[in-house]
Amino acid sequence: MVGENMSKDKYDALKIEGQLCFPLYACSREVIKKYKPFLDKLDMTYTQYIAMLVLWENKSVTVKEMGEYLYLDSGTLTPLLKKMESKGLITRQRSNLDERILIVTITPEGEALKEKAVEIPYELGHYCPLEKEEAYTLYKLLYKLLKAM
């Protein structure tokens, strides 16, 4: 339960305003909604977009590494990556050293999409009411929480 005042009512812990998880959840949904019109122009979902962020930076990663970057399991990644492959954004192939390892590599088409996506973070910045220092503090706190989970 969040907050300094702990009430005597044992059910206060179940009040929504006392839950840290709720504003995190609601804010995440609202932020992703703001991305939608920009990503629709690129024919991408938010999850495809964050996968592309990893690939624009790294060019090639294993599915396991992708999962670690995005905090997603292979059950979520497999259909996502198949869809991205069908769009021509990535290739998936087994490692020559260990066939259990699946390597995801960005294609030239996927790399070209980077130019169309480059303005998205700046456009989304218009929706953020936080000062630069506040945003950085929030970023650090969220990653601290995420790593602890």
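Thr107 is buried, with a relative accessible area of 9%; buried means under 20% relative accessible area, exposed over 50%, and partly exposed in between, for a 1.4 Å probe and protein chains only. Thr107 is found in the loop between β3 and α5, where helices (H or I, at least four residues) and strands (E, at least two) are DSSP runs numbered from the N terminus. The model is a predicted one, in which local features need pLDDT of at least 70 and side-chain atom pairs count only at pLDDT 80 or more, while totals for chains, interfaces and linings use all residues. Residues are numbered from 1 along each chain as its sequence is written, and side-chain values use heavy atoms, with hydrogens and water left out.

The side chain of Thr107 makes a polar contact of 3.2 Å with the side chain of Glu109. A polar contact is a pair of N or O atoms within 3.5 Å; within protein, one must be able to donate a hydrogen and the other to accept it, and residues adjacent in sequence count only if both atoms are side-chain atoms. Not counting residues up to four places away in sequence, Thr107 touches Gly88, Leu89, Ile90 and Thr91, contact being defined as heavy atoms within 4.5 Å.

## Glu111 in helix α5

Glu111 has its place in helix α5 and counts as partly exposed, at 26% relative accessibility. Leaving aside neighbours within four places in sequence, Glu111 is in contact with Trp56, Lys59 and Ile106. Glu111 and Leu89 are 22 residues apart in sequence, and their C-alpha atoms are 7.7 Å apart in space.

## The largest nonpolar core

The largest nonpolar core has 29 residues, of which Tyr49, Met52, Leu55, Met66, Leu81, Ile90 and Ile120 touch the most other members. Such a core is a set of buried Ala, Val, Leu, Ile, Met, Phe, Trp, Tyr and Cys residues joined through side-chain atoms within 4.5 Å. Two or more residues of this core come from each of α1, α2, α3, α4 (74–86), β3 (102–106), α5 and α6. The largest share, 7 residues, comes from α2. In soluble globular proteins, nonpolar side chains tend to be buried together.

Met52 lies in helix α2 and is buried, at 0% relative accessibility. Beyond the residues up to four places away in sequence, Met52 touches Met44, Met84, Leu89, Ile90, Ile106 and Gly110. Met52 and Lys64 are 12 residues apart in sequence and 15 Å apart in space, C-alpha to C-alpha. Ile120, with the same exclusion of residues up to four places away, touches Tyr35, Phe38, Leu39, Leu42 and Tyr49.

## Gln48 in helix α2

Helix α2 spans residues 46–58 and contains Gln48. Gln48 is buried, with a relative accessible area of 4%. The side chains of Gln48 and Lys87 are joined by a polar contact of 3.1 Å. Not counting residues up to four places away in sequence, Gln48 touches Asp43, Leu80, Lys83, Met84 and Lys87.

Asp43, a contact of Gln48, is placed in the loop between α1 and α2. Asp43 is exposed, with a relative accessible area of 52%. Phi of Asp43 is near 55°, a positive value in a residue other than glycine.

Tyr71 is located in the loop between α3 and α4. At 46% relative accessibility, Tyr71 counts as partly exposed. Phi of Tyr71 is near 55°, again a positive value in a residue other than glycine.

The largest pocket has a volume of about 1800 Å³. Of the 39 residues that line the largest pocket, Val31, Tyr46, Tyr139, Leu142 and Tyr143 are the closest to its centre. On a 1 Å grid over the protein atoms alone, a pocket is an open set of points where a 1.4 Å probe fits, with protein on both sides within 12 Å along at least five of seven lines; lining residues have an atom within 4 Å of a point. Grid points are joined across faces, edges and corners, and a volume is the space filled by probe spheres set on the points. At least two lining residues come from each of α1 (21–40), α2, α3 (63–70), α6 (120–125) and α7 (132–148). The lining divides into 31 nonpolar, 4 polar and 4 charged residues; Ala, Val, Leu, Ile, Met, Phe, Trp, Tyr, Cys and Pro count as nonpolar, Asp, Glu, Lys and Arg as charged, and the others, Gly among them, as polar.

The second largest pocket has a volume of about 170 Å³. Its lining consists of Tyr49, Leu53, Trp56, Lys114, Ala117, Val118, Pro121 and Tyr122. The elements that supply two or more of these residues are α2, α5 (108–117) and α6, and α2 gives the most, with 3 residues. By class, this lining has 7 nonpolar, no polar and 1 charged residues.
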